[in-house]
Amino acid sequence: MHKKSLGMKIFTIFNYTFLTLLALTCLLPMINQLAISFSSSSAVAAGDVGLFPVDFTLDSYKYMADKPEFWKSLMVSLKRILIAVPFSMIICVLAAFPLSRQDHEFPARKYYIWMFVVPMLIGGGLIPTYIVVRNTGLIDSIWALVLPYTVNVFNTILLMNFFRSLPKELEEAAYVDGATHWQVLVRIILPVSKPVLATVTLFVIVNHWNSWFDGLIYLNSPDHYPLQTYLQTQVVSANLMALESLRDIRQIGMISDRTGKASQIFLAAVPVLMIYPFLQKYFTAGIVMGSVKG
Amino acid sequence: MKKSKRRLKNWSLHLMLLPALILLLVYNYIPLVGNVMAFQKFNPSKGFFRSKWVGLKNFEYVFNLPDIYQVIWNTFYIAVLKIIMGVVIPVIVALLLNEIRKMKFKRTIQTMIYFPHFLSWVILAGVFVDVLSPSSGVIGKAFTAMGLEPVFFLGDPKWFPYTMVLTDTWKEFGYGTIVYLAALTGIDPSLYEAAVMDGANRWKQTLHVTLPGILPIVLLMSILAMGNIFNAGFDQIFNMYSPQVYSTGDILDTLVYRIGMLDAQYGVATAIGLFKSVISFAMLGISYALAYKYTDYRVF
């Protein structure tokens, strides 16, 4: 481009600065917690900790190391993911394939697709769903955290749209050679669907890692809580109770535990941080595909 | 004939759908039908159809609750503010990002602003309760340092709804830009070339090419957001509210939780839930009809 006007230059400087600051605000709260978790309790209580640790110490992590409930709940979360992810992926892929067929090949498709869309438009509501989970005998079992969320309609539609967008020539050739639907799905469709399978798998992992409310209502024993439910009951509700008395600054117990809480919060965010680069590689395309094309 | 032969083999397609359909039936459709408990004095041992029918008693009870109209208003108020912010801020940020020519910078910013979307409200509530604490949090310290009285963001009923709207916007605005950025890259470059030929500067290009280019998608997203008119954000509010802010912060979903799960008044809680679902569904229906009429949007 040729010479920029003065106004354009000013705007460009403003724009870069503004976006940089905006992006930083997205990370600063987590960085503050990270700094708190590596600081001494007294520095934290004095309010000296901003973005860098003060009196660097690993105390809060040492304290965490022998906190059995934390690790127990971490194991529950991992177990949940190991069960739920393959289960959910298989069932959603199996559903997405028939839904991706052309109407004239599979005339029942148009009825089936409504059966998937209706639950997306209107949910059963908290209490009736709870009663069904209870009556299907899942209370206090890890399956209560898996079965009700196995069919994710959004993910299924994402898979369906991807399958539909694939060129038809290969599968037509396979059908002509006498391949069954199973063979077409496994040998033709799945090998070229790696990007969408990766996207959906990561979505499912993050969803299961992050969900906490189901653990709270479907599990009776805190021993069975996944990590986020454990954090909800141990860190967040405890904090909210302390809020009640926050006006007087005497809740010393709470303040001195801030480092411990910060370290737990940070550790719970670590897995998301770890898979985020992979997630980011794929989800943009997924979102656009899912929300615009529908 | 080839076509009929193919159709004969379609039983395997039905079979593939079966597991998903069974799970949808049990965990989505049965609860949907289970909403009949809003008209019952529900007894868990008797189930959805043998519990005692009480007509509209549960609804009468609900609409005689002293705070119910306040709760409905809170839900609506917080949800509407979130809907507005959820369109306006991402559109502005997407427009600003679109002006960035250094691709590496743009991608770094995107990476940073998408991130909070992937953290749960449990984690973020833990963070915000600490950061926003007037006595010990960084924000409180900053207020004190500037000689201001620290604001009790999570404990003051006057501030609580706005704290919810702001923190939710903070979490979701980056993710919200994705759709608009995609729409922006979809604008035909020849339109810009034509505008330059006509002597339009960057501001004029934004006004006459970029904005009209993304207007349909902005319209679509705003229309579709209408279905969220009563979704004030249970995960967020449940993790950040406390009895002292119930007056402005209690919403339908948290009320359902307390009445249903804590007090075990299943029928009453379901009545509230059903009231919310029916209105949301109606809004969703209207919004989809509008989207169908005014944009090219089809659900599938």
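Predicted model: local features only at pLDDT ≥ 70, side-chain atom pairs only at ≥ 80, totals over all residues.
Local features need pLDDT of at least 70 and side-chain atom pairs count only at pLDDT 80 or more, while totals for chains, interfaces and linings use all residues. Residues are numbered from 1 along each chain, chains are lettered from A in the order in which they are written, and side-chain values use heavy atoms, without hydrogens and water.

Reader: What makes A:R258 and B:D130 a salt bridge?

Author: The term requires a side-chain nitrogen of Lys or Arg within 4 Å of a carboxyl oxygen of Asp or Glu. A:R258 and B:D130 have N to O at 2.6 Å, so the pair qualifies.

Reader: Which helix of chain A gives the most to the side that touches chain B?

Author: Helix α1 (residues 6-37) does, with 18 residues. Helices here are DSSP runs (H or I, at least four residues), numbered from the N terminus.

Reader: How many residues of chain A are in contact with chain B?

Author: Contact means heavy atoms within 4.5 Å; 106 residues of chain A meet 96 of chain B that way.

Reader: How do you know that α5(A) and α7(A) pack at an angle of about 145 degrees?

Author: Axes are lines fitted to C-alpha atoms over the stretch in contact, and angles run from 0 to 180 degrees between N-to-C directions. For residues 109-121 and 153-165 this gives about 145 degrees, with the axes 9 Å apart. Among the residues that meet are A:F116 of α5(A) and A:M160 of α7(A).

Terms used. Helix = DSSP H or I, 4+ residues; strand = E, 2+ residues; numbered from the N terminus.
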